[in-house]
Amino acid sequence: MRAETQATIETIRKSLKLLAQRLDWDTAPHRLEEMNAMIEDGDLWSDPARAQKLMRDRQKLSDAVGTYKLIDTGLKDNIDLIELGEAEGDTEIVTEAEASLKSLAELAAQKELEALLNGEADGNDTFLEINAGAGGTESADWASMLARMYVRWAEKKGYDVELQSETPGEEAGIRSAAYKISGPNAYGWLKSESGVHRLVRISPYDSAARRHTSFSSVWVYPVVDDNIEITIPDNEIRIDTYRSSGAGGQHVNTTDSAVRITHLPTGIVVTSSEKSQHQNRANAMAALKARLYQMELDKRNAEINAQHAAKGDAGWGNQIRSYVLHPYQMVKDLRTAHETSDTQGVLDGNLDAFMAATLAQDVAGKSRAEANSDD
């Protein structure tokens, strides 16, 4: 068997080992049988919320079990075919089996990444906020570049992107923007992006063509699932309406339709500036509930989510990633040391490798913490 083929087989085996660990393979078939039995209970739908959650959990487990079996069986079958082909001198069978193994390795790698997304809210849709740091036009332009980057990333994933509010910069770019991004595991992928992002480049706004450093912050929190109760007493919020800024001219928004909600106990402020004040209230309340839910998740997972709980200023000492466009091309994550020289690709939304590295690091950290707690 060729060394390259043997390496592919070992890669698939490693992925299978991780999938088995994340799935708790020894108990997974039994858990699936229990769920199937619960679904057949005629009284299940007397509690629609519980029934829907059970159906989602059952489908997720069923898909995971099916995928594990598919990869495991495919690996064994193709190894047998290669050994048979080599024994009989049938190079066509060997070539086909090797090609199948490569495809299987790609599938295993994809499922290995998805297996990292098993947090409480990882499957939820997400809110994403971008805020320019100090630095005027430079930071506002950087914030708009980040917004474009995340929209491109979401579109490549097939996610729906809804701009909920935006404050333009004085000369260019944006001072802030808030998006709702909807799709499978949207929060699970994007949660690793919370933090301060640093840009180094020759400024297009500097007539002397000097190098500038700019900062913008990105904060991500999950859309609260319908099954999660978040109660906010009326006396804990202040709702203000104001005139949202528009592009000017005859189509400028002249009504006080934008909504700002302040959560008094925490100081959290959320805004929405669509055309309908009623919709803005609903959007802002949804965002506030998501922020409060994120705070609760942070408390439960303090070791892993410390960067979400302690935001800090958008400036030196708080950045999670650097994007250097001059004097060399490099994007480097300061948490995982993952880096690439394909800066344009990253700014065009090729972020999966950075997200995967952070997810893997978080899972490893959680495993160490659990092991230490058992000692």
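Modeller: The expected span of a helix is 1.5 Å times one less than its number of residues. The structure shown is a predicted model. Helix H5 covers residues 137-157, which is 21 residues. From its first C-alpha to its last it reaches 31 Å, close to the 30 Å expected. Helix H5 is mostly covered, with 15 of its 21 residues buried. After the helix comes glycine 158, which has a positive phi, near 80°.

Glutamate 138 and arginine 201 meet through their side chains in a salt bridge, with 3.5 Å from N to O. This pair links distant parts of the chain, for glutamate 138 belongs to helix H5, arginine 201 belongs to strand S4 (residues 195-202), and 63 residues separate them. Both arginine 201 and glutamate 138 are buried. In general terms, side chains of opposite charge can pair when their charged atoms come close.

In helix H1 (residues 3-23), arginine 13 and glutamate 10 lie three residues apart, about one turn of the helix. Their salt bridge has its closest N and O atoms 2.9 Å apart. An α-helix has 3.6 residues a turn, so residues three or four places apart point the same way. Arginine 13 counts as partly exposed because its relative accessibility is 41%, which lies between the limits of 20% and 50%. Glutamate 10 has a relative accessibility of 36%, and therefore it also counts as partly exposed.

Arginine 335 forms another salt bridge, with aspartate 333, and here the closest N and O atoms are 2.7 Å apart. Aspartate 333 counts as buried because its relative accessibility is 0%.

The check on helix length can be repeated for helix H3. Its 41 residues should span 60 Å at 1.5 Å a residue, and because its end C-alpha atoms are 59 Å apart, the span agrees. Helix H3 is residues 48-88, and aspartate 80 lies in it. On the surface, Asp77, Asp80, Glu83 and Glu86 gather in a patch of negative charge. Aspartate 80 has a relative accessible area of 48%, so it is partly exposed. Glycine 89 follows helix H3, and its phi is positive, near 70°.

Backbone angles of note also occur in loops. Asparagine 185 is not a glycine, yet its phi is positive, about 65°. Asparagine 185 sits in the loop between strand S3 (174-182) and helix H6 (186-190). Alanine 337, likewise not a glycine, has a positive phi of about 70°, and its place is in the loop between S10 and strand S11 (339-340). Alanine 337 is partly exposed because its relative accessible area is 47%. Finally, histidine 326 and proline 327 are joined by a cis peptide bond, with omega about 10°. Proline 327 is found in the loop between strand S9 (319-324) and strand S10 (330-333).

Conventions. Residues numbered from 1 in each chain as written. Heavy atoms only, no water. Patch = residues over 30% accessible without salt bridge, like charges linked within 9 Å, V, L, I, M, F, W, Y side chains within 5 Å. Areas by Shrake-Rupley, 256 points an atom, 1.4 Å probe, with all protein chains shown as cover. Salt bridge = Lys/Arg side-chain N within 4 Å of Asp/Glu carboxyl O. Lys, Arg positive; Asp, Glu negative; His and termini not counted. Charge placed at Lys NZ, Arg CZ, Asp CG, Glu CD. Helix = DSSP H or I, 4+ residues; strand = E, 2+ residues; numbered from the N terminus. Buried < 20%, exposed > 50% of the residue type's maximum accessible area, 1.4 Å probe, protein only.
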